[in-house]
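Here are my notes to go with the picture below. Keep the structure open while you read, and look up each residue as it comes along.

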Amino acid sequence: KLSRAKEDGKKVVYTFVPGNLTELLGALDLLPVLPEINALQSGMRGKSGKYIAEAEKAGHSEDVCTYVKCDLGMLKSGNIGPTGQKLPPPDVLLLSYTGCFTFLKWFEILKQEYDCPVVMLHVPYQPDGEITDEMRKYVVDQLEREVIPALEKIAGKKLDLEELSRRLALSAKAEEDLV
């Protein structure tokens, strides 16, 4: 789907695994690209060393996370994904910030590379593992006021809440089956 996204008129969202909004993206018919998964798959296929070297040659420090350097090296090498097919550029960068500063810096670099909007969902840190009503309201407010309207604009359509509910139920079932 990603290799044909632009020809098929599909919109592409670069996002990360922690705190991702896959069900929301799917309900809006947006295709996700997960850069850290591309880095993992590149490593499994023996391609990451070349990409990391390419990123370091472009000026990224040796002490920067290898996930980042693998992704950036892949980008600088034609953005050919782990399957051997070119990944499309993003229509939006969606950062669900869940506490790793690396992701913020990674997105700053991606924003320099791609001319597209950036949307951020900040998920509060839970030091004692408890989710408070205030935390929940904070996240819901961001989703309703910022994230969903921005994604609807990219998708060119309104969010279908029934489709979102269907996808969330499938995810809950998959998680239950896994457990």
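**Notes on the fold**

1. Let's start in the sheet: L94 has V119 of strand 4 as its bridge partner. That pair belongs to the parallel pairing of strand 3 and strand 4, which runs over five bridges. Two strands count as paired here if DSSP finds at least two bridges between them. Strands (E, at least two residues) and helices (H or I, at least four) are DSSP runs, numbered from the N terminus.

2. A word on what you're looking at: this is a predicted model, where local features need pLDDT of at least 70 and side-chain atom pairs count only at pLDDT 80 or more, while totals for chains, interfaces and linings use all residues. Residues are numbered from 1 along each chain as its sequence is written, and side-chain values use heavy atoms, with hydrogens and water left out.

3. Now walk along strand 4, residues 118–122. Which residues are on its covered face? V119 and L121 are, whereas V118, M120 and H122 make up the uncovered face.

4. Next, go to the start of the chain. Strand 1 (residues 11–14) and strand 2 (residues 30–33) pair in the parallel sense, over four bridges. V12 has L31 as its partner in strand 2, and Y14 has V33 there. Strand 1 also runs parallel to strand 3, joined to it by two bridges; V13 stands opposite V92 in strand 3.

5. How do you get from strand 1 to strand 2? Together with helix 1 they make a right-handed β-α-β unit. Right-handed means that, with the strands pointing away from you, the path from the first strand over the helix to the second runs clockwise.

6. Have a look at D29, in the loop between helix 1 and strand 2. Its phi is near 60 degrees, a positive value in a residue other than glycine. D29 is partly exposed, at 36% relative accessible area. For these labels, buried is under 20% relative accessible area, exposed is over 50%, and partly exposed is in between (1.4 Å probe, protein chains only).

7. N79 isn't a glycine either, yet it has a positive phi of about 55 degrees. You'll find N79 in the loop between helix 4 and strand 3. Is N79 buried or exposed? N79 counts as buried because its relative accessible area is 5%.

8. On to the inside. The largest nonpolar core has 26 residues, and Y14 and L110 have the most contacts inside it. Strand 1, strand 2, helix 3 (48–57), helix 4 (66–76), strand 3 (92–97) and helix 5 (101–113) each supply at least two of its residues. There's a second, separate core of 18 residues, including A27, V119, L121 and V147. A nonpolar core here is a set of buried Ala, Val, Leu, Ile, Met, Phe, Trp, Tyr and Cys residues joined through side-chain atoms within 4.5 Å. As a rule, nonpolar side chains tend to be buried together in soluble globular proteins.

9. Then there's the largest pocket, with about 320 Å³ of space. Its lining has 14 residues, and L21, L24, L143, L164 and L168 lie nearest its centre. Helix 1 (22–27), helix 6 (133–155) and helix 7 (161–178) each give two or more residues to this lining. Which helix gives the most? Helix 6 does, with four residues. A pocket, on a 1 Å grid over the protein atoms alone, is an open set of points where a 1.4 Å probe fits, with protein on both sides within 12 Å along at least five of seven lines; lining residues have an atom within 4 Å of a point. Its volume is the space filled by probe spheres set on the points, which are joined across faces, edges and corners.

10. Finally, check two places around helix 6. D133 lies in helix 6 and is exposed, with a relative accessible area of 60%. L159, in the loop between helix 6 and helix 7, counts as buried at 14% relative accessibility.
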